[in-house]
Structures are given as C-alpha cells and as structure tokens.
Amino acid sequence: MIATWLAIAALLLVACDPGERDGAAEQIDELDNADFRDRVVAFVREVAAGEPDVACPVPLTAVEPLHVAVAMYVGGAVVGRGFAADDALCVALKDATERALAASGPDRSRLAQARFVVELTDSAYAMVEYEGKGIELVNGLVPVRVLDRDMVRRRIDEGTAYLLRVMDPALGGVHKYYHAPTDSFEPRLHTIYTASTLYTLLAAHAHDRDESLRQPIERAAGFLLSMQRLAPGQPGHGAFHYSLDLQRHEREPRFVVGTTSKSIFTLIELHALTGDDAYLDAARLAADWLLTMQDADGRVSPELRLDANAAWSVTQRESMLYTGQVLSALSRLYEATADPRYLDAAARTAGRLTARVESEGCYLGDDYRSPNPISSSWAILSLFDYARASGDPALRETVFACADELLTRQIDDPADVYRHGRWQASLSSSGNGWLAEVLSELYRDCPDSDHDGCARFRGAVVLLFRLLMQYTYSPENSFVARNPDMARGGLFWNTRERDVRTDSVCHAMNAYVFMLDHLPAGVLVELPEPPLAERLEPLSRSGRLADLADEEADGAAEEDDEPAFDIVE
C-alpha cells in the first residue's frame, strides 16, 4: 500500500497553472472541510438509496486516479465495503458505494440504520456519516479539536453512568471488558476492576455528594469483600482472588499483589466514607499478606497461584507496576492506621526503588518491559505516597524532579491531532488515563515552593483529557458499537481494539474528578483543522507517510498497564 501511495506522489488535485483552473476547482476552493464532508456523505447516501441521476456536489478531478473506499456499518459491524478509482471524485465515490451496497447483500431494509465511512486513501482523508453530516475521522478516531471544562463535566456524568450500567446487577462485581462490537461481556467478574470502579464512584460521590451512588457502592463493596480469601494458616490468606468464573461459580485460585493492593486503596476509602471497621480490618489482613510477598530487600513477588499440579507457586519476575502498587498500598494504609509495620515494609521497597532511580534514572522498565512511561509513573506515584506517609521532603523533591523528566517525553505537536498529548510508548486509553491520574495527584499536592504552582502538570493533564475524549464512545463515533447507548461514556482501548476495558474508564474518570475544580472556564485546548486543500494533498507530499511508519513502530512498543502475565482470561 505504501508503494502505491508513493507511486501517486505526483498526483495533482487541480492543474498547477492558475490560468488553467476550471470551474470545478474554483468550487472546491469555496468549500471548507465541513462542507466538503457533508457533501460527500450526502452524495454517498443518495447513491445508496438508488436516487436517479444524483448530481455531483464535489466535481473534483485529478490527473491521476483518485482512490476511494466506502464502508457500510450496521450494528457496529462492516456489512459491505467497496473500493474504486477514477480521475473524477464523484465517479469513484459512486462506484465504491455501489460495490459496498452489493457486498452487503440483497436485503436493503438495514439501509436506514446504516452509517457510511468514506476514505480518500491517497490523502488518508476520511469521514463518517452522522445524522446527515460528515464527521472527521483521523486514523480511525473522531478527533476532539476543542476542549473546555463543560466537556470534562459531561464526561464525568457519562462515565459514571457507564460504570453503573456495566456493574453486575446481582453480584455487584465488574467485568474487565465490555465487548462493544458485540454488546457482550466475558463470563468473569474481576476483583481489581471492581475495586477500581468502586474507587472511582467513591471519588465521584465525594465530589458531587450524589447519594444515588451509595447503593451501587455498597453492592460492589459486598462483592469485593466476598473475594478476599479467609483461610488462616493457608497460602493466600488475606489476599484477594483475581476473578470469579460466572459459569462455574468458582473464585480463581490466583492472587496477584496488584489486585490486593488496589483493593486496599478502595477499602481505605470505603472506611473513610462509612466508618465501618470491617473495611479497615479487611485492608489490614490484605496488607499482612502483601508482607509475605516482599523480600527483606524490598523486592516484591507479583503473584501466588495454584498450578496444574495443585501446588502453590510464586512468580519471581519483578514488575514495576506491581511493586509500585504494593508500595502505595502499604504507605496509604500506614496513613490510615499508623501501624509502623506497614511503614517499615514500605521503607524497604521505597529504598529499592530509590536506588534504581539513582542508578538508572527516572525512566524505568522491569522484567517484563523496557523503560516506558507507565512503569515510570508507577515509580513516581508510589514514591510520592511513601514520601507523604514518611514525611521525607528530599524524596518529594526527587519525585517531582522525575515527574518533570517524564513531562519532557510527552508529545507536544498541535498539528498532530491523533497523537498530541500522549507519550510515544503509550497508545492505549488505559495508559494515558493512568498518566493523567498520576499527574493530577501530583498537581493537587504541589509544593508551596514550586516555581509555577505545578501549572505544567495541569497543562499536561489537559492535553491528556483532549486525547482521552477521542477514545470515549459518543454518538458520533459509535458506528463500531453494536449498542451505542450501552457503550456511551466507555473508553475503547485503541483504534485497533474497540473493546472498553474498565480501568480505562476509571483512570480517566479519576483524573477528571480530581482536576475539574482546578480547570479555568472557557476553551482549554483548540486545534484548528488544516485547510481543505492541504488535507487533500497526497500522503507523499503532506508528510503523513512518515507518521504512519512511526505509528507502526509505536505499536511494537505498546504498553498495557498490567504485566504481560496478567493478560490471561
């Protein structure tokens, strides 16, 4: 495909000599991007409807064939796709639309519900039909070019509603994935995603004082407590089972330190809300198990599980994510209980992480990954939690210095609406949501001595907010979702995987809630769309071929915010 694009590098959308420009070219000159897209999708719709003698609203011609792709979506799936090429755009559009319609089969009853996606592949210029309009598509995303505080408020409301919809109505647990293209869930409830959902609902409740959240919070809390292993003297006592198999009605004999740590985060907040000591007792018991997974030098083993031979085994490879989660959990629990055992244990792991920062720098990896922003941000947050618990001012300075170094790696390119605001090695909505959450935590506890009041962190978070909204299901971009009403407010993983993972929603929501009151009124980010003529340039002249090559390289280094062994169903 790239070779094809290079072969048409000399394509001219209009004649180079202004004296030779015809009326069609002048008509295109009068259009902006929105007008052009509206005319294209209206033409495609009329052709699909079988309207006779449809007038061409965009009589664009070229000296080389224009390549067009038209896809027809129904119920979140492509039911027909057509490709065509001609030196007249309308001819290519008509042929591609008729081929997509033919590929969809003889049944035309679905046409009214269908949404068309049109791409001019020579220039990677794409659009999706929505309520008779042509909506911009960039690399499969409906881009967000303007962000303001009201949009953040709406996303909080939509995200809260989404989390309440996906909570199991009987058990109160939460799935890891919502499969938006098929409107289905995997047959398993996950403890860590239940804990994360609870943590987010508790944050929303604390901010909005919405008492309607109390009942679902209590229901999910009941599920969370039911997943703690109570087996004195046995392996895993106090830990939280990783998941519940809904088909077998069995709790998975697998105990991941990250699951237990994130559960401790939530149990502390549940105790703060209710005053019920049962939550703090459960957190203590969970932390006591974490101590059994920690070596004397502070190293953390990530997992205990029952193997195929019915023997308990401990995973030895070290994960920066899980080590950070354990350090944060122990630090936060010390602040809640003043039990010195937890601070002593936290000090051992903090010392291990600090030594790594001193020898390797702030950009860290682990036994599972090369250095990346997600692992690094967990080191930052966990050391921040420990510095707060221990009252270590020097460590706080180290944390903020590492955060500043991380900010230098954020992509700051307003001309690139697809990538602007993210990190090179973090493509997923979960990873970028987590980075927004961490930076929000730091911003809210900015040192009084900071030279700009940590405004740089707020600026980085705002850029992440715009990015995250591009991954959030809305009516405009739900053509890939079978049930748009169900998907609304959920964040799909990336442009290749349109499933919603619960932690993507939770991380983004936490950052939105934490930062809402710190955002000024008015426009926060504005990224104007380039002029139509520039957008329609062939890839080889506009420079986007290099961008696509970069994206392939990024994909090879994509980050999950769980260690690889944790991505197992």
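At 18% relative accessibility, cysteine 446 counts as buried.

User: Which cysteine is joined to cysteine 446 by a disulfide?
Analyst: This is a predicted model, and in it the S to S distance for the pair is 2.2 Å. The link is right-handed, with 85 degrees about the S-S bond. The partner is cysteine 454.

User: Cysteine 56 and cysteine 90 are joined too, so how many residues apart in sequence are the parts they tie together?
Analyst: Their sulfurs sit 1.9 Å apart, S to S. Cysteine 56 lies in the loop between α3 and β1, while cysteine 90 is in helix α4, so the pair ties together parts that are 34 residues apart in sequence.

User: Is cysteine 362 buried or exposed?
Analyst: Cysteine 362 forms a disulfide with cysteine 402, and that link is left-handed at -65 degrees. Buried means under 20% relative accessible area. Cysteine 362 comes in at 18%, so cysteine 362 counts as buried.

User: How far apart are the end C-alpha atoms of helix α6?
Analyst: Helix α6 covers residues 191-208, which is 18 residues. At 1.5 Å a residue, the helix should span 26 Å. The computed value agrees with that: the end C-alpha atoms are 25 Å apart.

User: Which strands stand at the edges of the open sheet?
Analyst: The order is β8-β7-β15, with antiparallel pairing. Each edge strand has a single partner, so one side of each is left without a neighbour in the sheet. The edge strands are β8 and β15.

Methods. Residues are numbered from 1 along each chain as its sequence is written. This is a predicted model: local features need pLDDT of at least 70, side-chain atom pairs count only at pLDDT 80 or more; totals for chains, interfaces and linings use all residues. Side-chain values use heavy atoms; hydrogens and water are left out. Helices (H or I, at least four residues) and strands (E, at least two) are DSSP runs, numbered from the N terminus. The expected span of a helix is 1.5 Å times one less than its number of residues. Two strands pair if DSSP finds at least two bridges between them. A disulfide is a pair of cysteine sulfur atoms within 2.5 Å. Buried means under 20% relative accessible area, exposed over 50%, partly exposed in between (1.4 Å probe, protein chains only).
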